[in-house]
Structures are given as C-alpha cells and as structure tokens.
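Subject: Model for you to look at

Hi,

Here is the structure I promised. Please open it first; my notes follow.

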Amino acid sequence: MSLTSVTTSDQNQADQSEYSETLMLKDSTLIKTLAEAMNKSNKLLGELDWAPEFKMKLVYGDGYSKDYYIAIGDEPGYRGVFTTAENGGQGYSIPVKNSDRLRKLIFGAADKANIEQTESLESPVKVKGPVTISHNDLSSVTTRAEFLDLQLLDGTYSEDWTIPGPLMGRNWSGRFGLALIDDQGRTLYRFPLSEHFEDPLIFNDFFQIQFEDYNGDGDPDFTIGQYGSSNGYFYKLFTLRKNNSIEELETKPDSDLFISSPKGYSIKLDKVDDHSFKRSYYDNVAGKQMEDIFQWNGSAFQKLDK
C-alpha cells in the first residue's frame, strides 16, 4: 500500500500533511486493519462534502492495483471517509472504531514529542456527567409533570472555532443516556442511548427533542440523529411508553434513516397517515431527490416497495 498526501489550492504549507512524499507500507497489521475498515464502511447517500488527505494505492499479490482517496484526520473519535478514484462522488463512511485504529497505525511514525506536546496543549476536557444537552418539558406531550433529558454521562468536551463545518464550535462526545425525571427531580427511568448507536455520539449544540405519534398507538415517538454529510443526518426512532419506559422503534431494512434535513439532531418526520411516514433524501448516485414511505406493521416500520 502507498500513501501520497493530497493538497488543495487553498491549503497553505502549515496545513499540509506531514507525508509530503509517497510512503510505501507493507505492514500486515495496517493492511488488515484497512481491509476491515473498508469492509465495514457504510455507503453515503447524500452529496459528498470533504477534502481528501491521501491518495491511496493498493497493489495486490497478483499485481492488480486500485486507487482510492481517503481522509481520516489525526483526531480520534470521528469517522473517516474514502472514495474510489474512478468515482469520487460516491463516498463511504468508516466507523469511528476502525478509523481510530487506522489513525494510530498511519500517524504512529510522527514525532512522539510533538504528539505529546500537542495533546497536552489541546486535549479535550474530560467529563463525568451527567451534563444535560437537551432538556424537554413533557407536560404538553404526555400531560404529566415530567421531563426528558438527554445527558452526557461520561466523555469529553472540546471546542474548535477555527475550521468551518458541521462540528465547528462546542462538542460533547462520549456515552449518552436519556433520563425521565419528575417535577421533584426524581429519576423515573434511564435509557442507555449510546448502546443503540454503532459509533460514539457527538453533539455540538443544545437542542429540543421533537415528539409525534407515528404508529398510532397513542405513545409519543421521537427522533435522535447524528450528522451524516453536508446533505443530511442519520436518525433513529424511539418511543416513550405510558409506563415511563423508552424503546427504540425498529425501521426496516434501514436501521438508520438518512434524511435530508438542515434542522439537526431531532426532527418531526412527515406523516403520511396515522401509521406511516415519509422520508426524503438526496441520492448523489442517482443525482436526484428520493422519497420512501415507511409503514407500521405491528412491530416495526417497514419500507414499502415502490
């Protein structure tokens, strides 16, 4: 495998990768880690908005070679992205766990002293929660004097005001949970939100959860999402039961719903009727806006065939 740094016309010398020359890498651990990362990647549906760091060439044992572009950054806790050279508009998202493994291997040759100095100066603040990111009064939703809070239980807080983008500014990342609290401050129910997402959750702003009944059972449902691309977010659907418990509502075949929305971490879905909703997203491969309808089948929301 070879890595060659990629620079853009507006990238100054200080911002360029330390790999100004092509590196030839034959380390089996790195190659196996890269293969696993690519195999576990998710196809991005929205329009790709990124700046590749490396041009990557893989040369197989029989001499066949294939070119890619990849960006993972050197900061842990974020997804990486790659494309094939022949189709740069179609992106693939690398899970955080796999991206972090690649970072350690690729950037491991950097000067240790410089890394330690950078980490000591710019390391995020460790958080032992709960820190409330979203506080929601349920009196108008359930008629009960209760609150639903989204809390950071443990993780980090950091700030970045230098690079414009979806995560510019304040960032809370780590393990999150939902807490149902009464008007006396007593916790009625706790829900391990992070366990329902594959990657660590990241929120960069306070927000309000949006409630609606999508399956007609009388219980309020709500979405929680994560930034997916410049064109939208990936959302999961949850419900608040009358007994104060919280459950995830399954959506098939997509467990994460990619929706083109500029509204952020919680949105109201477009209801079609009392038992179904519509989602809309831009498909970069097809080059047009797409729509799907998901209908409740008694146990999950199933996408209807067109």
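Which residue lies over the face of Phe-197? Lys-236 does, at 5.8 Å from the ring centre. The rule for a charge over a ring: NZ of Lys or CZ of Arg within 6 Å of the ring centre and within 35 degrees of the ring normal.

The model is predicted: local features need pLDDT of at least 70, side-chain atom pairs count only at pLDDT 80 or more, and totals for chains, interfaces and linings use all residues. Residues are numbered from 1 along each chain as its sequence is written, and side-chain values use heavy atoms, without hydrogens or water.

Next, the rings. Rings of Phe, Tyr and Trp (its six-membered ring) pair if their centres lie within 6.5 Å; planes under 30 degrees apart are stacked, over 60 edge-to-face, the rest tilted. The count is 20 aromatic pairs. Trp-172 and Phe-206 are tilted, at 5.1 Å centre to centre and 45° between the planes. Trp-172 is in β10 and Phe-206 in the loop between β12 and β13, so this pair ties together parts 34 residues apart in sequence. Phe-203 and Phe-207 are stacked, at 5.6 Å and 25°.

Best wishes

Definitions and conventions: Helices (H or I, at least four residues) and strands (E, at least two) are DSSP runs, numbered from the N terminus.
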